[in-house]
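Have a go at each task before you read its solution.

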Amino acid sequence: TRQWRGVIEEYRELLEIPQDTPAVTLREGGTPLVASEWLSGLTGAQVHLKVEGDNPTGSFKDRGMTAAISVAKHEGAKAVVCASTGNTSASMAAYAAKAGLTPLVLVPEGKIAAGKMAQAIIHGGRVIMVRGNFDDCLAMARGLAAEYPVALVNSVNPVRLQGQKSAAFEICDMLGDAPDYHLLPVGNAGNISAYWLGYTQYLDLGRTTRRPVMRGFQAEGASPLVTGEPFPDPETKATAIRIGNPASWHLAEQAAKESEGRFAAVSDEQILAAQRELARRDGVFVEPASAAGIAGLLAELESGEDYTGSTVVITVTGHGLKDTATALEAFAGGGAGIVDTVVDADVHAAAKAAG
Ligand code: F0G
C-alpha cells in the first residue's frame with residue numbers, strides 16, 4: 001500500500017498554484033471521517049466528524065500551510081509572517097522549519113493555548129506577543145509584509161485557501177458525493193470559504209451532484225458574522241476563534257448565502273459542554289473552538305431543527321491536546337488539581353475510591 005502523499009501531491013492539478021511548485025509537506029490531509037454514533041442517534045441523520053486534529057501539527061491549518069509555504073519558498077522568500085490565535089503559528093513554524101525559512105509569529109498576549117505556543121517556539125518561531133487581539137496582530141502582519149521582505153501566510157493569502165479546500169475534496173471522495181449539510185466553527189472565516197471553494201469545484205467537475213448547506217458557528221462573544229458588526233473586543237474561552245473582524249468576511253457570507261446556510265452563535269458553556277460530550281461519547285478530544293460545530297448542532301436540535309435522513313459532516317478543527325489547561329480547569333473535579341482522588345498503593349482502596 002502506498003503512503004498518503006500530502007495535500008499538494010494528492011490534488012495538485014486541482015489547486016491553483018504554480019504547477020511546478022515543489023511540495024513542502026509533512027503529509028498533511030488524508031484525515032479520518034469518523035462516524036458519530038452519538039450524534040447520528042440524536043439526529044436520525046448520518047453524522048460524520050472530519051477529524052482535523054489528526055493533521056501533523058494537530059489542526060486543519062496544515063492543509064493551507066503546505067501550499068502557502070511551498071509557494072513562498074518557490075518564489076524565493078526567506079522569511080514568513082502570520083498573525084495567529086495559535087494554530088496557524090504552530091503550523092507555519094513547522095512548515096517553515098521544513099522549508100528552511102524564518103518564521104515570524106504575532107500573537108495576542110496571554111490568549112494563546114500553551115500547546116500551540118510550545119509548537120511555535122520549538123520549531124524556531126520568533127514569537128512576538130502583542131498587546132492587542134488577533135485583529136490587531138493581523139493588521140501588523142499585513143504591514144510587516146508590505147514594508148519588509150517577509151511573506152504573509154495568513155488566509156488573506158489566497159494560496160492558503162487553495163490548500164485548505166482539499167478537506168472538501170476528501171469528504172466527497174470518501175462519501176461518494178457531497179453531504180447535505182456541513183457544520184463547522186468560524187473565526188477568521190478562511191476555512192468555511194475554502195470548503196465552499198472545494199465543494200463548488202467538485203460540483204463543476206461533475207464529481208458530485210450537489211453542494212452542502214453550510215452552517216458556521218461562532219462563539220457568542222466573538223460573533224460578527226451573526227450580528228453583522230465587527231466586535232472591537234472579542235472574548236471567548238475558545239481562544240482559537242477569538243476574532244472580531246474576520247478577514248474572509250465577504251467570502252464566508254457568500255458561502256452561507258449561496259448554500260442557503262447561515263451563521264449562528266453558541267455560548268462558551270455550550271462549547272465546553274459539547275467538547276466534553278464529544279470526548280466522552282465518541283472518544284474524540286478536540287480543543288474548545290473545535291467543538292463549536294457540535295455545540296451548534298446540539299443547539300439546533302433543541303430549537304427543533306430536523307436533520308432526519310440527511311448526511312451531515314461536522315469539521316472538528318484541532319486537537320484537544322493543544323489546550324489541556326482549559327480542559328482541566330473546566331472538568332477536573334474539585335478544582336484542586338488534575339485529579340481529585342488520591343489513595344494509598346492498595347487495590348481495595350482504589351476499588352473503593354472508584355465506586
Ligand atoms: N478552529 C480552530 C481550532 C482554529 O484554530 C481556527 C482558527 C478556527 C477553528 C477558525 O477557522 O479562522 O478559518 O474561520 N484559527 C486561526 C489561527 C485564526 O490563527 O490559528 P477560520
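**Exercise 1: a glycine in a helix**

Find out whether Gly-190 is buried or exposed.

Start by counting: 25 other C-beta atoms lie within 10 Å of Gly-190, so this residue is buried (20 or more make a residue buried, 12 or fewer exposed, anything in between partly exposed, with C-beta atoms placed from the backbone). Before moving on, note that this is a predicted model, where local features need pLDDT of at least 70 and side-chain atom pairs pLDDT 80 or more, while totals for chains, interfaces and linings use all residues. Residue numbers run from 1 along each chain as its sequence is written. Last, look for partners beyond four places in sequence: Gly-190 is in contact with Ser-155, Arg-160, Leu-161, Gln-164 and Ser-248 (contact puts the two C-beta atoms, placed from the backbone, within 7 Å).

**Exercise 2: the next residue on the list**

Work out what Asn-191 touches, leaving out residues up to four places away in sequence.

Asn-191 also sits in helix 9. It has 28 C-beta neighbours inside 10 Å, so it counts as buried. Its contacts are Phe-60, Gln-164, Leu-184 and Thr-317.

**Exercise 3: the annotated binding site**

Which residues does the UniProt annotation "binding site" cover?

The unreviewed entry lists Asn-87, Gly-187, Asn-188, Ala-189, Gly-190, Asn-191 and Thr-317. They span 231 residues in sequence, but no two of their C-alpha atoms are more than 14.1 Å apart, so they gather at one spot. Keep in mind that such annotations may be inferred rather than shown by experiment, that positions follow the numbering used here, and that feature names are shortened.

**Exercise 4: the annotated lysine**

You'll find Lys-61 in helix 3, residues 61–74. With 34 other C-beta atoms within 10 Å, Lys-61 is buried. Beyond four places in sequence, Lys-61 is in contact with Asn-87, Thr-88 and Ser-91. Asn-87 is also among the residues of the "binding site" annotation.

How values were computed. Helices (H or I, at least four residues) and strands (E, at least two) are DSSP runs, numbered from the N terminus.
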